[in-house]
Protein chains: 2
Amino acid sequence: MSRAFKLIVSSGIAGCAVYAVSQNRQQKFTFPRIQTPVNAATISTAQHLKWDSNWDKREPLKLIPPSKLNEIKENSEEYMELLKEYTPTATRRLIFIRHGQYHTEYKDDEYRKLTTLGQEQAVYTGIRLREIGIDFDRFVESSMTRAIETSELIRMQLNQEDVERTDLLREGSPISPEPPFRYWRSEVSVHTDQPRIEAGFRKYVHRANISQKNDSHEVVVCHANVIRYIVCRALQLPPEAWLRMSLKHGSMTCLTIFPDGHVTLQCLGEAGHIPQDKLSIE
Amino acid sequence: MSRAFKLIVSSGIAGCAVYAVSQNRQQKFTFPRIQTPVNAATISTAQHLKWDSNWDKREPLKLIPPSKLNEIKENSEEYMELLKEYTPTATRRLIFIRHGQYHTEYKDDEYRKLTTLGQEQAVYTGIRLREIGIDFDRFVESSMTRAIETSELIRMQLNQEDVERTDLLREGSPISPEPPFRYWRSEVSVHTDQPRIEAGFRKYVHRANISQKNDSHEVVVCHANVIRYIVCRALQLPPEAWLRMSLKHGSMTCLTIFPDGHVTLQCLGEAGHIPQDKLSIE
């Protein structure tokens, strides 16, 4: 049986084959059609029941250009070599940290600095990370004042200078929650924030690229709504559920992404490294 | 508009009224039909998208005998009094703790005692709970050896003697996970464990009963699979997702259940109170 035919058959009841036609040449290779949601808001929970192994579009067979695949026999030595070449081998360990407590009495971001307690929380988190005893391969921070300050205090504990600043992970409304907020909110914030935060998720949360040779430990300092949304999306849970979780200031949320695309939540809102009398949430 | 009619209308497109007919008398009160899954295995994710506010069957209006409701006018003073009488007022804070590391080289539960490390983890967890500085209102332990030992070590730190032992929360296979286990497993364990663990969930996880006057803090010492399943069920997430989470030995997972039935996950697998070199998962 040809690979193309096998793919059509294996795509099951809903299977539907489309021929990949480029402007330059017609490919012989046939893809089963994959229903890709345009954005998270349109994801139906029916798609969540079955784990989507190509959730980050990095499944090896989907990374290989069809022109390469068509030239060789399925399961041949050459085929297995090619597959291996496109198969990620590294595991990514991501630690998402919520910033420390900050001054909410101001409206402008630049004045919403960490409180003294918030600074202490960041230091405790930095110390806990230092105690892991490893070098972090990447350090990312949201571009909001409270995240930058938290990141700086943590990095001082780690002697980590390099940091990547991003607007994609700034705080916002990732998706209207279910059950809904207890008070009315306009739809404007979700309308503007949703695609940005989804873009942040897609940029930072995926299995290792094939170019990554070693396992990595990465830290991302950002915000409660962003982290909760990312957890739902990474675990393929309904993203509307994000408000059913809550995260303390300075808490850690750990996701492991294995080379085969499996994702495990190792902890959520872990703040046991902060003394009881230094805990806060708002 | 009569209450009965309003209920029919408010039950929406899928609304369907059935008349509650007891063997003794016909009730005038009309219920919208609520689709109740027989067990968790039959819950479709479509039902998860919308939050089911009567998930624990303790919604005030569902607790009032129809005979009482029929005798009074809707929204009358008497009606509001009755509703108030059946409305829970207390918040429940549940801390689920995974037992410490144990001897997996034996098969019989009685020999699967805590390792020295497992004992230390339990003590750290006990100390962290003591530092909260409150008296716990209820202490529950699974009847498996490693849970009993962990519970005992924790309770020694808290001077807590009273404990409720249960078979319902013993370790087991709550539901076949999605994505599936990486190796084959027979269906026998899920077949026998699923209804038991679901029964444990229904017994211990629900909004406060109307008889509970004060907020409560409760500790439950049990097992990783059980806790992960309970988190999915309590947050109304697809229960098949339980294996996408992982819990360290001695870690805490905190659920808050508000009087209106809303549930929040405060932390999952929190083990920051245990030193880095004392952490373990298997």
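At what angle do helix α8 and helix α9 of chain B pack, and how far apart are their axes? I looked this up first, bearing in mind that the model is predicted.

**Entry: α8 and α9, chain B**

I read an angle of about 60 degrees between α8 (residues 188-204) and α9 (residues 224-234) of chain B, with the axes 10 Å apart.

For the residues in contact, I list Gln194(B), Ile197(B), Glu198(B), Phe201(B) and Arg202(B) on the α8(B) side. Facing them from α9(B) are Val226(B), Tyr229(B), Ile230(B), Arg233(B) and Ala234(B). By class, I note 6 nonpolar, 1 polar and 3 charged residues in this contact.

**Entry: α6 and α7, chain A**

I then turned to helix α6 (residues 116-132) and helix α7 (residues 145-158) of chain A, whose axes come within 8 Å and cross at roughly 35 degrees. The crossing of α6(A) with α7(A) is right-handed. From α6(A), I find Gln119(A), Ala122(A), Val123(A), Thr125(A), Gly126(A), Ile127(A), Leu129(A) and Arg130(A) in the contact. α7(A) supplies Thr150(A), Leu153(A), Ile154(A), Gln157(A) and Leu158(A).

**Entry: cavities**

How many cavities of 30 Å³ or more does a search of the whole structure find? I get 1. The volume of the largest cavity is about 60 Å³. Its lining takes residues from both chains: Val231, Leu235, Leu237, Met245, Leu265 and Leu268 of chain A, and Val231, Leu235, Leu237, Met245, Leu265 and Leu268 of chain B. The elements giving two or more residues to this lining are β8 (263-270) of chain A and β8 (263-270) of chain B. I sorted the lining by class and got 12 nonpolar residues, with no polar and no charged ones.

**Entry: backbone**

Most residues other than glycine have a negative phi, and most peptide bonds are trans. I checked for exceptions.

In chain A, the bond joining Glu178(A) and Pro179(A) is cis, with omega about 0 degrees. I place Pro179(A) in the loop between β5 (164-166) and α8 (188-204) of chain A. In chain B, the peptide bond from Glu178(B) to Pro179(B) is cis, with omega near 0 degrees. Pro179(B) sits in the loop between β5 (164-166) and α8 of chain B.

Lys57(A), a residue other than glycine, has a positive phi near 60 degrees. I find Lys57(A) in the loop between α2 (46-49) and α3 (60-63) of chain A.

How values were computed: Residues numbered from 1 in each chain as written. Chains lettered and ligands numbered in written order. Predicted model: local features only at pLDDT ≥ 70, side-chain atom pairs only at ≥ 80, totals over all residues. Heavy atoms only, no water. 1 Å grid on protein atoms, 1.4 Å probe; cavity = no way out; pocket = protein on both sides within 12 Å on 5 of 7 lines; lining within 4 Å. Points joined across faces, edges and corners; volume = space filled by probe spheres on them. Helix = DSSP H or I, 4+ residues; strand = E, 2+ residues; numbered from the N terminus. Nonpolar A, V, L, I, M, F, W, Y, C, P; charged D, E, K, R; others polar. Axes fitted to C-alpha atoms, helices over the stretch in contact; angles between N-to-C directions. Contact = heavy atoms within 4.5 Å. Left-handed = near helix turned anticlockwise from the far one by under 90°.
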